[in-house]
Number of protein chains: 4
Amino acid sequence: MARRQQTPADRAAASRESILDGAFEAFTRTGYRDTAIDDIAAAADVSKGGIYFHFPNKESIFRELMRTTADKLVDKVERVVGAEPDPIAKAEAALRTVLEVFAGHRTMARLFFEAGGAGRGFQTELNDLHDRFARLIQGYLDEAVAAGTIAPLDTRITSVAWFGALDEVVASWLQARHPGRLEDAYPTLRAVLLRSAGVPEQRIAAEWRDWPSFPEVAP
Amino acid sequence: MARRQQTPADRAAASRESILDGAFEAFTRTGYRDTAIDDIAAAADVSKGGIYFHFPNKESIFRELMRTTADKLVDKVERVVGAEPDPIAKAEAALRTVLEVFAGHRTMARLFFEAGGAGRGFQTELNDLHDRFARLIQGYLDEAVAAGTIAPLDTRITSVAWFGALDEVVASWLQARHPGRLEDAYPTLRAVLLRSAGVPEQRIAAEWRDWPSFPEVAP
Amino acid sequence: MARRQQTPADRAAASRESILDGAFEAFTRTGYRDTAIDDIAAAADVSKGGIYFHFPNKESIFRELMRTTADKLVDKVERVVGAEPDPIAKAEAALRTVLEVFAGHRTMARLFFEAGGAGRGFQTELNDLHDRFARLIQGYLDEAVAAGTIAPLDTRITSVAWFGALDEVVASWLQARHPGRLEDAYPTLRAVLLRSAGVPEQRIAAEWRDWPSFPEVAP
Amino acid sequence: MARRQQTPADRAAASRESILDGAFEAFTRTGYRDTAIDDIAAAADVSKGGIYFHFPNKESIFRELMRTTADKLVDKVERVVGAEPDPIAKAEAALRTVLEVFAGHRTMARLFFEAGGAGRGFQTELNDLHDRFARLIQGYLDEAVAAGTIAPLDTRITSVAWFGALDEVVASWLQARHPGRLEDAYPTLRAVLLRSAGVPEQRIAAEWRDWPSFPEVAP
DNA sequence: AATGAATGAGGCTTCATTCAT
DNA sequence: GATGAATGAAGCCTCATTCAT
């Protein structure tokens, strides 16, 4: 199959992608308000005016970034989770995946958890993001309840708490002066969370053995 | 008892306090970066220049606010907790107190949890704040472990997770379009957290009855 | 010969030049500290922000102005002086050139001699400027000593004194309420300075006749 | 004779003096524009408001300082000069006195020569100051011409040149990174200036021997 | 006389956005 | 599609001056 020549449209798309990459890099490094369009332009190796061809304003870049980054993560979680048969295993898989991804991409985590830095205007966006993850977890918990694996409980609040716990553990790791390996926190976090949902102690202990080891990540 | 005349120093202190109040109000409403000195001046009913008589710059106001607000909360938590004999009860009391205070002062919660909006420069300050609360919790958990009330576990990570869970529950309440009563979330959150630390189920159920009802708060 | 189209870069350079011109005009009229960026913007017919595209701050404009203006003057002096064979004639030519230029550009003189108004930060720059001219003169005096035209003397101090004398004569002319023609001061100043270096009286009298008349200048 | 008790008026006068001293110190150190009223208040150990009791505004302090400082110097010059019989000796004495005083009070020199830093508003004041000294010199030169000690010449321009030469020598000494002793410059400067007015070479050489040595001064 | 808190105009600089080419 | 020069609205902060006590 003949490879098409690179059309202008291709180049435009590439440019757009480049801007998003640069913006991601800049935002995660400096935060929203402290990142100037010039910084993004420099990071993306694009002119300032060029940015405004692809995006109507700074805000839209950030929003798109937030949306697509979350999409990617949710996709990955759902892919990994899909393979798991049992709801608790699913929740575990989700938890593990998020931790794994963040462990490998410290900066991405920053974007997620420090997006508050973006100013009041993004709270909604950020909250939706949190919500999305919380509901993902909630879904698994609901399934677990339905399957009788765990006793009925307020899955909404529990999932929010789970997400918060995860968030804070990652955040505290992110800003630690001498961070250990985030994976080392996993067993404890996992046990704490499963226990919090009423998963039987023996199951918590048992399940763990089946897990493959974490991939190597450099914080 | 004769009331002393109001000295100029008194009035200056009052003015300073007024600025802090105005700043608190403005920061919690608009966020750090989106709050102009003019806004604070207006809220405090002080001239722009007057602010600079009391504070060297915008940042220092925010830092002072963060410090003193946290101090007040920690004080209150320790006072309430001091009355409790048993470590788990202490942890519960701390949790309850924080929730209670936040439920009553939605804005204060905002300052705490959305301080990220202040820009990269405050991350350290904010992290220290989180740390402070996490260690508060950790202390109670350590006591509980020492007292044999709960099985040994990584109290550092657990306390971080607790704080994160609390944080996220409050945050999700803060931004909810139609927030219920934060206190309604308390029983579930309490159960989830206690369970997560391995507190026996019967204790979780028992303890609860003894608690007085939440004071009325208007979110 | 086809005239190239005016490129954006050309226009940018023109704009930059315009800013320098406006700044020159404003600084020499009002002094550094009393000249606001707004004044420069108005004088240059550029927006305030436009200035910051070309210069990082107010100071840099002033420094550039000082540097380039001095460069131009030194260039001119050296060009004129180059034509003179004998060292005393060179010194004379330098003296005359500076006076001439200043007579024609009262404002430039102001920039040079009143730059002190720029604040303590510029003293170094200003001193270097003075030094530069003093050393120019010193060079000619050294040549004259080497050539045996004048008796050996401390040329460093003498050149500083010359420059100071020149400076003060121009300055007193600049601020005179009803200034005469600066050129009218030339014969006396010339005689005084040459005499001060020990140039024989007859030479002082003789040399003068050969000089062309000053060009007309409007103070 | 009974010593009067210190009256309030005395204390007020002392306060006023203290302000002038502090202002002198501050202005000479930082320049006019870069000296805040607060700086003066601090240096004078007086409150900001107190300053405005004694002076209507910042400018007036500076003007008074310029006036009185000049007065003192002129007084001293005239006292020293009065003892001299011959006009050239008078000019010499004036020159020497000024150099001497400046050598001892580097800061005072700064006030005089860098007063340009005070902004355009003081040019007049500063020029009058220069004028005053120039006319002092001119007086002696005129006397010398009248006495036949030197040949007739434009004493106005010559005196301006003298003053400028003196000014620049002091200024270059002031800002030198490793200043030698200003007095060391005296013999050359003296010879240069006397020569410039046509004082016979042998007199220049002779007169010098009679002078007492400079007092010790610490630059 | 003196204090020091308060005022407010004005200055410098930043930066998202626009626009002619 | 892209460039980069230009705009102008804000923002933070300084500081001479005023004023109640």
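Colleague: What should I know before reading it?

Modeller: This is a predicted model, in which local features need pLDDT of at least 70, side-chain atom pairs count only at pLDDT 80 or more, and totals for chains, interfaces and linings use all residues. Residues are numbered from 1 along each chain as its sequence is written, while chains are lettered from A and ligands numbered from 1 in the order in which they are written.

Colleague: OK, how many residues of chain D are in contact with chain C?

Modeller: There are 34 residues of chain D in contact with 34 residues of chain C, where contact means that the C-beta atoms of two residues, placed from the backbone, lie within 7 Å. On the chain D side, the elements that give two or more residues are helix 7 (123–146), helix 8 (155–175) and helix 9 (182–196), and the largest share, twelve residues, comes from helix 8 of chain D. Helices here are DSSP runs (H or I, at least four residues), numbered from the N terminus.

Colleague: And the classes of residue on that side?

Modeller: The side of chain D that touches chain C has eleven nonpolar, 15 polar and eight charged residues; Ala, Val, Leu, Ile, Met, Phe, Trp, Tyr, Cys and Pro count as nonpolar, Asp, Glu, Lys and Arg as charged, and the others, Gly among them, as polar.

Colleague: Then what about chains A and B?

Modeller: Their contact takes 34 residues from chain A and 34 residues from chain B, and on the chain A side twelve residues, the largest share, come from helix 8 of chain A. Chain A can be laid on chain B with an RMSD of 0.3 Å by a turn of 179 degrees and a shift of 0.1 Å along the axis. Because 100% of the interface residues of chain A are also interface residues in chain B, the copies meet through the same surface.

Colleague: Switching topic: at what angle do helix 5 and helix 9 of chain A pack?

Modeller: Helix 5 (residues 87–104) and helix 9 (residues 182–196) of chain A pack at about 150 degrees, with their axes 11 Å apart; axes are lines fitted to C-alpha atoms over the stretch in contact, and angles run from 0 to 180 degrees between N-to-C directions. That makes helix 5 of chain A roughly antiparallel to helix 9 of chain A, a label for angles over 145 degrees.

Colleague: Which residues meet there?

Modeller: From helix 5 of chain A they include I88(A), L95(A) and F102(A), and from helix 9 of chain A they include Y186(A) and L193(A). The residues of this contact divide into nine nonpolar, no polar and four charged.

Note on methods:
Parallel < 35°, antiparallel > 145°, perpendicular 65-115°, else oblique. Least-squares fit on C-alpha atoms with pLDDT ≥ 70 in both.
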